[in-house]
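Open the model in your viewer and keep the sequence panel beside it. The tour moves by selection, one stop at a time.

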Amino acid sequence: MITIIVAVDESNLIGTSNSANGMAWHNKEDFQHFKQTTLHHTLVMGRKTYEAIGRPLPQRHTIVITRGEMDDDRVEVRHSLDEVLDEFKNSDEDLMICGGASIYKQALGVANRMLLSRIPGKHDGDTYFPDIKQSGLRLSEKKPFDTFTLEIYER
Ligand SMILES: NC(=O)c1ccc[n+]([C@@H]2O[C@H](COP(=O)([O-])OP(=O)(O)OC[C@H]3O[C@@H](n4cnc5c(N)ncnc54)[C@H](OP(=O)(O)O)[C@@H]3O)[C@@H](O)[C@H]2O)c1
């Protein structure tokens with residue numbers, strides 16, 4: 001199963017270059033949801049997102065995608081998303097696609113489901129989630145949390 005996991009605001013903003021961790025808001029409950037959902041799974045992320053987080057997240061296996069090289073033996077490095085998808089195509093393991101925008105764009109057409117946290121309000125930032133219209137993913141369920149709504153999309 002390939003799952004996109006993302007938090008967006010009402011403008012589909014996902015990030016900003018004006019904060020240390022790249023996030024345009026601080027939502028503790030959504031961080032908790034992200035942690036619980038991704039714990040013990042394999043995370044795939046772009047090099048910029050990995051550098052914004054600054055370290056591998058504990059108890060998760062991290063694959064970083066870059067066209068270059070990375071001198072960081074705490075993560076696995078791959079040179080395209082296709083390479084990762086190919087490696088996992090016969091595996092039962094869940095792959096969690098964790099961004100950023102460029103990786104989401106490449107994963108939208110192949111993900112089996114998407115867990116989208118809809119954060120209320122419009123925030124300042126510069127990175128937006130790509131258009132999902134052509135992705136084939138359809139909203140199947142909305143789960144209200146106290147401080148955001150989880151939108152579940154399926155293919
Ligand atoms: N709200 C959320 O849920 C969420 C989640 C994740 C990220 N974000 C935000 O998203 C922003 C970062 O997104 P972004 O699009 O700028 O960066 P990104 O997707 O995290 O990383 C982009 C980099 O990934 C590598 N890459 C991408 N596609 C590749 C391919 N096909 N083959 C090889 N390498 C590839 C390249 O690395 P090299 O340049 O090293 O070659 C590229 O520069 C940040 O603001 C972050 O905070 C938000």
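With which residue does R118 form a salt bridge? Select R118 and E151: they are the pair, and their closest N and O atoms are 3.1 Å apart. Now colour by strand. R118 sits in β7, residues 113-118, and E151 in β10, residues 149-154, so the contact ties together parts that lie 33 residues apart in sequence. Check the surface next. R118 is partly exposed, with a relative accessible area of 22%. E151 is buried, at 6%. Keep in mind while you look that this is a predicted model.

**Next stop: a network**

Select E76, R78 and E87. Salt bridges with shared partners join these three residues into one network. The structure holds seven salt bridges.

**Two further pairs**

Select D72 and R74. Their side chains meet in a salt bridge, 3.0 Å from N to O. Is D72 buried or exposed? D72 has 14% relative accessibility, and the cut-off for buried is under 20%, so D72 counts as buried.

Move to K89 and D86. Here too the side chains form a salt bridge, at 3.0 Å from N to O. K89 counts as exposed, with 56% relative accessibility. D86, at 47%, counts as partly exposed.

**Next stop: the largest pocket**

The largest pocket has a volume of about 1,200 Å³. Which residues lie nearest its centre? Select T49, I53, C98, G99 and G100. They belong to a lining of 47 residues.

Now colour the lining by element. Three strands each supply at least two residues: β1 (2-8), β2 (13-15) and β3 (42-46). So do the helices α1 (28-38), α2 (47-53) and α4 (101-107). Which element gives the most to this lining? Select α1: its contribution is seven residues.

Switch to colouring by residue class. The lining of the largest pocket has 19 nonpolar and 19 polar residues, with nine charged ones.

**Last stop: the annotated domain**

Zoom out and select residues 1-155. An unreviewed UniProt entry annotates this range as "domain: DHFR". Over residues 1-155 the chain is 21% helix and 30% strand.

Note on methods:
Residues are numbered from 1 along each chain as its sequence is written. This is a predicted model: local features need pLDDT of at least 70, side-chain atom pairs count only at pLDDT 80 or more; totals for chains, interfaces and linings use all residues. Side-chain values use heavy atoms; hydrogens and water are left out. UniProt positions are given in the numbering used here, feature names are shortened, and annotations may be inferred rather than shown by experiment. Helices (H or I, at least four residues) and strands (E, at least two) are DSSP runs, numbered from the N terminus. On a 1 Å grid over the protein atoms alone, a cavity is a set of points where a 1.4 Å probe fits but cannot get out, and a pocket is an open set with protein on both sides within 12 Å along at least five of seven lines; lining residues have an atom within 4 Å of a point. Grid points are joined across faces, edges and corners, and a volume is the space filled by probe spheres set on the points. Ala, Val, Leu, Ile, Met, Phe, Trp, Tyr, Cys and Pro count as nonpolar, Asp, Glu, Lys and Arg as charged, and the others, Gly among them, as polar. A salt bridge is a side-chain nitrogen of Lys or Arg within 4 Å of a carboxyl oxygen of Asp or Glu. Buried means under 20% relative accessible area, exposed over 50%, partly exposed in between (1.4 Å probe, protein chains only).
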